[in-house]
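Please work through the exercises below with the sequence and the model side by side, and try each task before reading its solution.

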Amino acid sequence: ARYCLGNLSGFDPNRLTPAAEMEELDRWAVARLNALMEKCFKGYDEYEFLTVTHAVNDFCVVEMSNFYLDIIKDRLYCDETDGQSRRSAQTALFLILDTMTKIMAPILCFTCDEIWQAMPHRESDDGRNVLFNDMNRPFADCALDEETMERWNKVIKLRDVVNQALETARNEKKIGKSLEAKVVLTVPAFETALDGMDAEALADILIVSQAEVRKSDMNVLKVDVEPAGGAKCERCWKQIASVGSDSAHSTLCARCAAAVASIPEF
């Protein structure tokens with residue numbers, strides 16, 4: 001809740017990003033939220049309150065903290081304040097916070113009302129108390145098809161393997177932080193989970209500065225970690241070739257230079 005509240009500062013929930021314009025990763029997060037709602041509704045219907053608390057805890061720890069929230073930090077902290085990709089992530093965070101606060105209100109009524117009083121609201125909300133509001137229903141427009149969800153499951157497993165390789169590289173003193181790394185993935189030719197994903201998006205998911213995918217006739221995944229080339233951006237800490245491409249902001253990458261230039265005082 002603290003993570004969501006902090007990153008929703010200044011966000012207007014009356015201007016949510018339409019599902020069709022959201023990043024696919026953000027729609028994945030809302031799709032997983034939909035599954036959480038279904039499980040919790042069933043738990044409440046059967047008076048199995050422990051099912052509700054366990055489901056919410058697993059969602060927060062496994063799917064949010066260990067994966068989604070870790071990845072979107074860069075977008076939230078470094079993208080333009082009102083940029084489309086940042087607002088897409090904020091839309092997902094708002095839907096998650098709003099939904100979980102309402103779901104847990106019957107069990108943690110005082111804590112959830114404290115969250116409710118601190119979070120932004122839509123015009124249709126009753127701001128007096130969270131218990132005066134109906135629980136959300138699954139956001140059908142954010143749902144992803146089964147094939148896409150399975151592809152993201154493969155990406156999550158791939159990221160776990162890459163994290164192990166990054167830890168080994170750190171222990172061997174090849175790199176320090178993960179943003180000092182370039183990851184080269186050699187995947188079987190039949191594996192399509194990464195097809196269509198550009199290198200920058202993959203690097204963001206893996207939380208490294210650079211990523212490359214190569215196809216091979218081998219039936220196993222191979223992960224090579226090497227120091228990333230390029231200079232370090234002083235704002236996002238990525239090591240990429242675009243650092244210094246903007247003469248007005250010579251220590252920033254192109255993305256950060258554009259974000260800083262959009263701030264009125266700059």
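The exercises that follow treat backbone angles and pockets in this predicted model.

**Exercise 1.** Locate K173 and W237 in the fold, and decide for each whether the residue is buried, partly exposed or exposed.

*Solution.* Begin with K173, which is not a glycine and yet has a positive phi of about 65 degrees. Its place is the loop between α6 (146-171) and β1 (181-188). The relative accessible area of K173 is 72%, and because exposed means over 50%, K173 is classed as exposed.
Next take W237, also a residue other than glycine, where phi is positive and near 70 degrees. W237 belongs to the loop between β4 (231-232) and β5 (239-240). With a relative accessible area of 43%, W237 is partly exposed.

**Exercise 2.** Describe the largest pocket by its volume, its lining and the classes of its residues.

*Solution.* First, the space in the largest pocket comes to about 590 Å³. Its lining has 26 residues, of which E23, D198, E200, A201 and D204 are the closest to the centre. Then consider the elements: α7 supplies the largest share of this lining, six residues. Finally, sorting the lining by class gives twelve nonpolar, three polar and eleven charged residues.

**Exercise 3.** Which element gives the most to the lining of the second largest pocket, and how do the residues of that lining divide?

*Solution.* The second largest pocket holds about 470 Å³ of space, and among its 21 lining residues A1, R2, C60, M100 and I115 are the closest to its centre. Two or more lining residues come from each of α1 (2-7), α3, α4 (84-104) and α5 (109-118). The most is given by α4, with six residues. By class, the lining divides into 16 nonpolar, three polar and two charged residues.

Notes. Residues are numbered from 1 along each chain as its sequence is written. This is a predicted model: local features need pLDDT of at least 70, side-chain atom pairs count only at pLDDT 80 or more; totals for chains, interfaces and linings use all residues. Side-chain values use heavy atoms; hydrogens and water are left out. Helices (H or I, at least four residues) and strands (E, at least two) are DSSP runs, numbered from the N terminus. Buried means under 20% relative accessible area, exposed over 50%, partly exposed in between (1.4 Å probe, protein chains only). On a 1 Å grid over the protein atoms alone, a cavity is a set of points where a 1.4 Å probe fits but cannot get out, and a pocket is an open set with protein on both sides within 12 Å along at least five of seven lines; lining residues have an atom within 4 Å of a point. Grid points are joined across faces, edges and corners, and a volume is the space filled by probe spheres set on the points. Ala, Val, Leu, Ile, Met, Phe, Trp, Tyr, Cys and Pro count as nonpolar, Asp, Glu, Lys and Arg as charged, and the others, Gly among them, as polar.
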